[in-house]
Amino acid sequence: MSKPRVAVFRPDDGRLGDAVELLTDLGVDPEADPMLAVDPTGDHPRKDADYVVFTSKTGAELAADADWHPEGAFVCAIGESTADALEAEGYTVDIVPDEFSSVGLVATLAGRVDGERVEVARSDHGSDVLLDGLNDEGAFVHETVLYRLVRPEGTGSSAVLAADGELNAALFTSSLTVEHFLDAAETEGVREAAIEGLNRAVVGTIGEPTRETAEAHGIAVDVVPEEADFETLARTVVEKL
């Protein structure tokens, strides 16, 4: 009997290989179809902030590549994986919210940032929830776009499999992976069939914003794990399978 085929859309920068290894260990057949690639802007976080917020491993790595130093600022990570990446680059992480999300980070910083300068260093597709929430808390917020997220050329194998009814599950890790999957399906001429195929499969999203994006495009979501990280998402979807 063949193993279930599970699509994974992680960037091909080490994360995709780790995801494939995890899924293989979980006893499924990974379909590696990276839907995100990093295009650095060359900018780096400001050095005059009181708090500096990072939202991804990539942001941590690009800050280190630019030889950025916090200059006495509190360093904030949106979740444990980002904190681990910052610490791996030699930074001390001062704040990690209990809930790994923009809402969770705003709640953690509430009461601390009124009148403070907060630098948000992230991709060009960051949620307005974080900026708006910090502004509402009285912070002077500045956003630096460290990198753009683009769809790599040659992607779309998972969309074709979904359209052909040969995909058993899909793991979406951001709203952008949903949108890029659908763009790839459109390019392949199978958008509607791919959505129908996903709706016969087990679809997992890493959090509520990603679920909302998927459902807005007609994709039924079966799994949203309580903890917003890839390993939990993968394990939860495989258990559902």
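## Burial and the model

A residue counts as buried when its relative accessible area is under 20%, as exposed when that area is over 50%, and as partly exposed in between. The structure is a predicted model. Trp-68 has a relative accessible area of 1% and is therefore buried, and Tyr-91, with a value of 9%, is buried as well.

## Aromatic pairs

The structure holds six aromatic pairs. In one of them, the rings of Phe-9 and Phe-172 have their centres 4.8 Å apart and their planes at 25°, so this pair is stacked. The pair links distant parts of the chain, since Phe-9 lies in the loop between strand E1 (5-8) and helix H1 (15-25) while Phe-172 belongs to strand E8 (residues 169-172), 163 residues apart. Phe-9 is buried at 1% relative accessibility, and Phe-172 is buried at 0%.

The rings of Trp-68 and Tyr-91 have their centres 5.5 Å apart and their planes at 55°, so this pair is tilted. Here too distant parts of the chain are linked: Trp-68 sits in the loop between helix H2 (57-65) and strand E5 (74-77), and Tyr-91 in the loop between helix H3 (80-88) and helix H4 (102-109), 23 residues apart.

Ring pairs also join Phe-9, Phe-172 and Phe-181 into a cluster.

## A negative surface patch

On the surface, Glu-179, Asp-183, Glu-186, Glu-192 and Glu-196 gather in a patch of negative charge. Helix H7 (175-188) and helix H8 (191-198) each supply at least two of the patch residues, with the largest share, three residues, coming from H7. Glu-179 is placed in helix H7, and its relative accessible area of 33% makes this residue partly exposed.

Methods
Residues numbered from 1 in each chain as written. Predicted model: local features only at pLDDT ≥ 70, side-chain atom pairs only at ≥ 80, totals over all residues. Heavy atoms only, no water. Patch = residues over 30% accessible without salt bridge, like charges linked within 9 Å, V, L, I, M, F, W, Y side chains within 5 Å. Areas by Shrake-Rupley, 256 points an atom, 1.4 Å probe, with all protein chains shown as cover. Salt bridge = Lys/Arg side-chain N within 4 Å of Asp/Glu carboxyl O. Lys, Arg positive; Asp, Glu negative; His and termini not counted. Charge placed at Lys NZ, Arg CZ, Asp CG, Glu CD. Helix = DSSP H or I, 4+ residues; strand = E, 2+ residues; numbered from the N terminus. Buried < 20%, exposed > 50% of the residue type's maximum accessible area, 1.4 Å probe, protein only. Phe/Tyr/Trp six-rings, centres within 6.5 Å; stacked < 30°, edge-to-face > 60°.
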